[in-house]
Amino acid sequence: MRLLFLIASCLVGAAVAVATQADDPLSGRTICIDPGHGGTADTDTYRVGPTGEREEWIDLRVALILRDLLVERGAKVLMTRTGDVAVALQDRATLAVENGAEVFVSIHHNATADPEANFPVVYFHGNASENQAGVALGRALAASLADALFDGQTEVSLVSDHAIFPTAGAAVLRHSYGIPGVIGEASFFTNPDEEERLRSAQYNRREAEAYVAALADFFSHPIPPILDKGSLITVEPFPVFEEDERTRAIAVQWKKNWMAGVEAQGVGTPEALNQALELFTLSARSFPDSWVAGDCHARRAQILEALGNSDEAERERIRANEHYVAIAGG
């Protein structure tokens, strides 16, 4: 009788485990994880924190933990790299496309000239009205990272990749367009305190768990459509500081320039409005994926309208709406 009871208990336990996994929104999903960069220590000298921690190392640590957590939940995981090696951007996207990935998640960590800057940034490809699935995935990830790493007490940026690469966006998202995809920049390794936290395996796991929670949330709801790029709207490129340009001294003033612009705009005279326009322009170019950049573009639209340049004002309103998505609490 005892043997029969043990057998029955095992069968019930197995049945419960199968049922639980079947109910899991991640079970059976094919997810491509892309640890950003890799094998570039000799060339990308700006992707390093104040005391030497490199972004590609952090990206990989988080990605490997995320892989294991997703496999435990019954997902099929595709990895673009599992070591500190260089992988072509096209090859990363091709892996996702050719293997039927249902989402593409590229794991990164951010850098800028301001050592105090530290908040999550999530990119989707193209225009918000056309890439609704990317925006939905981005919303879930931005909120999850904010909760897990900042206890919800942070500003958050959900922006188009055209905000930082104005003419084409990020290659991995461009070449995998059609698959819901995001680039997640969980935090800034150029912030000294954050760099130290990012060295911790426990902290890396907390970040990976945030990705798991976001993916589970995304797959728990109907997936919105992804329309052809340019089918609804066109947004003109806005030149910005890119890559190592973002570490220039002038970029440190991104927030001060925004605040000074708000003050000048409030004065309202033509001279003050032109000054505010210059300040908002410099702030948006210095830190195009900051949580103030969208506000800078919206305010540029207001000023341009007030100065009688309605056509350019409309272009700025479109940019603010399509490339910068508001996040509750962010």
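Helices (H or I, at least four residues) and strands (E, at least two) are DSSP runs, numbered from the N terminus. Two strands count as paired if DSSP finds at least two bridges between them. Strands of a sheet pair through backbone hydrogen bonds, in either the parallel or the antiparallel sense.

The residue numbers used here start from 1 along each chain as its sequence is written. Because the model is predicted, local features need pLDDT of at least 70 and side-chain atom pairs count only at pLDDT 80 or more, while totals for chains, interfaces and linings use all residues; side-chain values use heavy atoms, with hydrogens and water left out.

With strand S4 (residues 121-124), S5 pairs in the parallel sense over four bridges. Within this pairing, valine 121 has serine 157 as its bridge partner, and valine 122 stands opposite leucine 158. Between S4 and S5 the chain passes through helix H4 (residues 132-150), and this β-α-β crossover is right-handed; the term applies if, with the strands pointing away from the viewer, the path from the first strand over the helix to the second runs clockwise. With strand S7 (residues 324-325), S5 pairs in the antiparallel sense over two bridges, and here leucine 158 stands opposite valine 325.

In a regular strand the side chains alternate between the two faces of the sheet. In S5, Ser157 and Val159 lie on one side and Leu158 and Ser160 on the other, and all of these residues are buried. Buried means under 20% relative accessible area, exposed means over 50%, and partly exposed lies in between (1.4 Å probe, protein chains only).

The discussion now turns to the side chains. Cysteine 32 and cysteine 296 each have a relative accessible area of 0%, and are therefore buried. A disulfide is a pair of cysteine sulfur atoms within 2.5 Å, and by this rule the count is zero.

How many salt bridges are there? The count comes to 23 salt bridges, each being a side-chain nitrogen of Lys or Arg within 4 Å of a carboxyl oxygen of Asp or Glu. One of them joins aspartate 44 to arginine 47, with the closest N and O atoms 2.2 Å apart. Aspartate 44 is buried because its relative accessible area is 14%, and arginine 47 is buried at 7%. Another joins glutamate 209 to arginine 205 at 3.1 Å. Both residues lie in helix H7 (residues 201-219), four residues apart, about one turn of the helix. Glutamate 209, at 38%, counts as partly exposed, as does arginine 205 at 39%. Glutamate 245 and arginine 248 also meet in a salt bridge (3.8 Å, N to O). Finally, salt bridges that share partners join Glu53, Arg61, Glu195, Glu196 and Arg199 into one network.
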